[in-house]
Amino acid sequence: MSSLDIQAQASLQDLNSLALPASAEYFCAVTSVEEIQQALAFAKANSLQVTPLGGGSNMVMAGDIKGLVVQLNLRGISSAAAKNNQVEVTFAAGENWHQMVQHCIQQGWYGLENLSLIPGNMGAAPIQNIGAYGVELCDLFVSLQAIDIGTGETVELDREQCEFGYRDSIFKQAYRDRFLITHVCLRLFQHPQPRIEYPALAEALGDRTPTPELIGETVCRIRQQKLPDPVQLPNVGSFFKNPILPESALKRLQSDRAPHYPQADGRYKVAAAWLIDQCGFRGLSRGAVSVHEHQALVLVNNGGTGAELMALAAEIQNAVAAKFGIELEIEPRLYGTE
Ligand SMILES: Cc1cc2nc3c(=O)[nH]c(=O)nc-3n(C[C@H](O)[C@H](O)[C@H](O)COP(=O)(O)OP(=O)(O)OC[C@H]3O[C@@H](n4cnc5c(N)ncnc54)[C@H](O)[C@@H]3O)c2cc1C
């Protein structure tokens with residue numbers, strides 16, 4: 001059994017899409033279940049908390065991370081035919097999300113097109129039930145395999161057990177910090193099932209036939225126009241969740257002006273970017289951190305620190321609360337704040 005390379009005081013700056021200058025007390029990258037067990041044994045022997053890391057595109061490393069950061073780099077993909085011209089595809093956690101979306105389209109396995117170009121890896125996708133352009137992971141999700149950090153046991157959880165919600169799952173709630181996800185199984189279609197009800201997508205497609213390839217390309221084009229590339233302008237995508245409000249609260253917002261989308265439960269999702277924009281933050285800089293000039297939901301790091309970024313986030317939250325009475329919730333997970 002080869003021994004796992006565990007580094008002390010490892011820089012995480014190149015491993016988070018905000019490029020924040022944080023370090024891990026201990027760090028290792030694992031490529032197999034065996035290496036995960038070695039990492040967990042090390043953490044147990046040294047009483048270290050374990051923090052899973054994928055592509056680092058939904059983590060705000062506001063300070064250094066104590067304990068052992070485990071980057072899940074397991075690779076591999078397998079498929080099995082399912083009923084009704086469907087196929088169940090199992091992806092290892094370290095596979096890159098967008099590359100897998102493209103691979104599936106090439107194989108004639110459809111359903112993921114609307115989720116093109118979301119940064120990050122497969123293993124993190126269930127954590128916040130990633131979603132975009134009218135589709136969420138939970139629409140296609142079958143099950144996942146994970147290793148219990150406390151016991152080292154492998155478990156399988158189905159869709160119901162994952163308790164998916166809007167940018168939410170049991171892994172952000174009752175099972176927070178409990179599991180390392182190793183594999184994700186999705187059920188995809190062998191015949192195209194276009195989902196084009198999302199207004200910006202429908203508009204961009206116009207009257208062209210919405211093939212899966214065209215939907216994928218169109219989503220990529222819209223995203224490239226709207227969102228800065230983290231490689232050029234370090235960011236974590238949406239910094240705040242879009243608040244979901246009852247009708248009475250929406251009315252107070254002068255509903256004719258605030259962009260809002262009806263939800264299945266009768267409430268309305270309101271565009272957080274609009275709220276932030278109304279408070280005058282779009283394009284504003286505070287030292288080396290800023291609010292993106294075209295998309296007020298995106299905070300950009302131009303060489304600043306986690307503390308500077310969190311100060312700007314708090315300033316935005318306070319301004320939106322004062323003007324609209326709405327508490328904006330931060331979407332990515334915060335680390336190193338204690
Ligand atoms: C430009 C940009 C655009 C984005 N657009 C979208 C979007 O449209 N929709 C959307 O939903 N999200 C979006 N995101 C957020 C992000 O891409 C997703 O949340 C993605 O799933 C994060 O993947 P990751 O591998 O980078 O996760 P990480 O940032 O590495 O981790 C995120 C969380 O999951 C945990 N985690 C990671 N891997 C595992 C694992 N294998 N097992 C257990 N826990 C794990 C981490 O500890 C952390 O708490 C965007 C981000 C950026 C930078």
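A: Begin with contact: two residues are in contact if their C-beta atoms, placed from the backbone, lie within 7 Å. Helices (H or I, at least four residues) and strands (E, at least two) are DSSP runs, numbered from the N terminus. The model is predicted: local features need pLDDT of at least 70, side-chain atom pairs count only at pLDDT 80 or more, and totals for chains, interfaces and linings use all residues. Residues are numbered from 1 along each chain as its sequence is written.

Q: Which residues of α1 are buried?
A: A residue is buried if 20 or more other C-beta atoms lie within 10 Å of its own, exposed if 12 or fewer, and partly exposed in between. In α1, the buried residues are Glu35, Ile36, Ala39, Leu40 and Ala43. They cover an arc of only 140° around the axis, which puts them on the same side of α1; the arc is that of the directions from the helix axis to the C-beta atoms. Exposed residues Glu34, Ala41 and Ala45 lie on the face turned away from the buried side.

Q: Which strands do the buried residues of α1 pack against?
A: They pack against β2 (23-30), β3 (50-53), β5 (65-72), β10 (141-148) and β12 (179-189). Of the 8 residues of β5, 6 are buried.

Q: In which sense, parallel or antiparallel, do β2 and β5 pair?
A: Two strands pair if DSSP finds at least two bridges between them. β2 and β5 pair in the parallel sense over 6 bridges, with valine 70 in β5 as the bridge partner of cysteine 28. β3 and β5 also pair in the parallel sense, over 4 bridges, and proline 52 stands opposite valine 70.
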